[in-house]
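Colleague: Please show me how to read the features of a model like this, one at a time. Where should we begin?

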Amino acid sequence: MASRPSPESQRKPRGFSEDSYAYQHARQRAAANVARKGELQEQRAAALGDPIRGVTTPFVESLGSALPPQATTTDEELANAKSKSSPEQPSPSPAFAADEDHLNYYLTKPELEESLEYSRILSEPLVSVERENADPVKEATAAKTHEVEHHNAYEAVSRIVSLANANNKERTRSNVQRIIDTFGRHNTDSHLKPKAPSLQSMYSTVAEQRPTPRAGPDTGSSEVQIGILTAKIRVLADRYEGTNRHDKVNKRNLRLLLHRRQKLLKYMHKKERGSQRWHHMIEKLGLTEATWKGQIAVA
């Protein structure tokens, strides 16, 4: 009766049943190859970057506050504003609209200054026409009270229209307007050149169609839509990576925005690769190859 083979000899591949040294050597090589494969995969993933956030840039960081990088209030500016105010009036806070170029509710800095100055003129205390019966002390007290009240009203309105005190919806709306101004071709066509024409189009006998004149700001070009999607993706990613890890609706919306941006980036990469428009968009938004190459998965 033939004896049954041992379990150890069953696990060994053919050719290593008698040479244990060769079998152990092959297992070590296989383990080294698996470890090297994992290292290469990690290096490739690091080279591609984060498919959701990409690389942090000053423009991308400013999307969190909806203020451009150069509009931040420094300590020197706060000290100057404090020295201009009277000692009885409180110093302006960092969230002060007078130090910001971009305001909430689609307001501009000249409009705010004009409206506040008009309200100051309307609320000034009346001066008595009959100067013989006028009380100078009472008029001086009224003028001083009016100045303090106007300063308090000025700071209150400035805090209300400041983007530093805005909610997520209002900041996103302001970011969309900033992205349109930054990447819109109605502004970038003057200093960013498009991709050079191909040889086929240069020697083509078909007459080139003239572009339709643009009416209003550019809101539909690929770079503008990619910038808007990037701003919305950051908002959803911050919410999902916080305490809402089990929010499946938010996770699905984030995945949809990522895939929509990926399609636009692939189209932009095909049409404008190597052009100044492409490099300007990639450098400003900090987008890496992982945002348009391969499969994007939200864990």
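**Reading the model**

Modeller: Begin with two residues: tryptophan 278 and tryptophan 292 are both buried. Buried means under 20% relative accessible area, exposed over 50%, and partly exposed in between, with a 1.4 Å probe and protein chains only. This is a predicted model, in which local features need pLDDT of at least 70 and side-chain atom pairs count only at pLDDT 80 or more, while totals for chains, interfaces and linings use all residues. Residues are numbered from 1 along each chain as its sequence is written, and side-chain values use heavy atoms, with hydrogens and water left out.

Colleague: How many aromatic pairs does the structure hold?

Modeller: A pair of aromatic rings is described by the distance of the centres and the angle of the planes. Rings of Phe, Tyr and Trp (its six-membered ring) pair if their centres lie within 6.5 Å; planes under 30 degrees apart count as stacked, over 60 as edge-to-face and the rest as tilted. The structure holds 2 such pairs. In one, the ring centres of phenylalanine 59 and phenylalanine 183 are 5.7 Å apart and the planes are at 90°, so the pair is edge-to-face. Phenylalanine 59 belongs to helix α3 (residues 58-62) and phenylalanine 183 to helix α7 (residues 168-183), so the pair ties together parts 124 residues apart in sequence. Phenylalanine 59 and phenylalanine 183 are buried.

Colleague: How far apart are the ring centres of tryptophan 278 and tryptophan 292?

Modeller: Their centres are 5.2 Å apart, with the planes at 75°, so that pair is edge-to-face. Tryptophan 278 lies in helix α12 (residues 276-285) and tryptophan 292 in the segment after α12, so the parts tied together are 14 residues apart in sequence.

Colleague: How many helices and strands does the protein have?

Modeller: Helices (H or I, at least four residues) and strands (E, at least two) are DSSP runs, numbered from the N terminus. The protein has 12 helices and 0 strands. Of its 299 residues, 31% count as buried.

Colleague: What span is expected of the 19 residues of helix α10?

Modeller: The expected span is 1.5 Å times one less than the number of residues. Helix α10 (residues 222-240) reaches 26 Å from its first C-alpha to its last, close to the expected 27 Å. Of its 19 residues, 14 are buried, so α10 is largely enclosed by the rest of the structure. For the 25 residues of α11 the span should be 36 Å, and the end C-alpha atoms are 35 Å apart, which agrees. Helix α6 (residues 136-161), with 26 residues, reaches 37 Å, close to the 38 Å expected.

Colleague: What covers the buried residues of α11?

Modeller: The cover includes α8 (185-188), α10 and α12. Among the buried residues of α11 are Leu254, Arg261, Leu265 and Glu272. After α11 comes glycine 274, with a positive phi near 90°.

Colleague: Which residues touch the most other members of the largest nonpolar core?

Modeller: In soluble globular proteins, nonpolar side chains tend to be buried together. A nonpolar core is a set of buried Ala, Val, Leu, Ile, Met, Phe, Trp, Tyr and Cys residues joined through side-chain atoms within 4.5 Å. Of the 17 residues in the largest one, Phe183, Ile226, Leu265, Trp278, Met281 and Leu285 touch the most other members. The elements that give two or more residues to this core are α7, α10, α11 (248-272) and α12. Apart from this core lies another, of 11 residues, including Ile52, Ile233 and Ile296. Contact means heavy atoms within 4.5 Å. Beyond its neighbours within four places in sequence, leucine 285 is in contact with residues including Val55, Phe59, Phe183 and Ile226.

Colleague: What does the side chain of serine 62 join in a polar contact of 3.0 Å?

Modeller: A polar contact is a pair of N or O atoms within 3.5 Å; within protein, one must be able to donate a hydrogen and the other to accept it, and residues adjacent in sequence count only if both atoms are side-chain atoms. The partner at 3.0 Å is the side chain of arginine 178. A polar atom of the serine 62 side chain also lies 2.5 Å from the backbone oxygen of phenylalanine 59. Serine 62 sits in helix α3 and is buried, at 4% relative accessible area.
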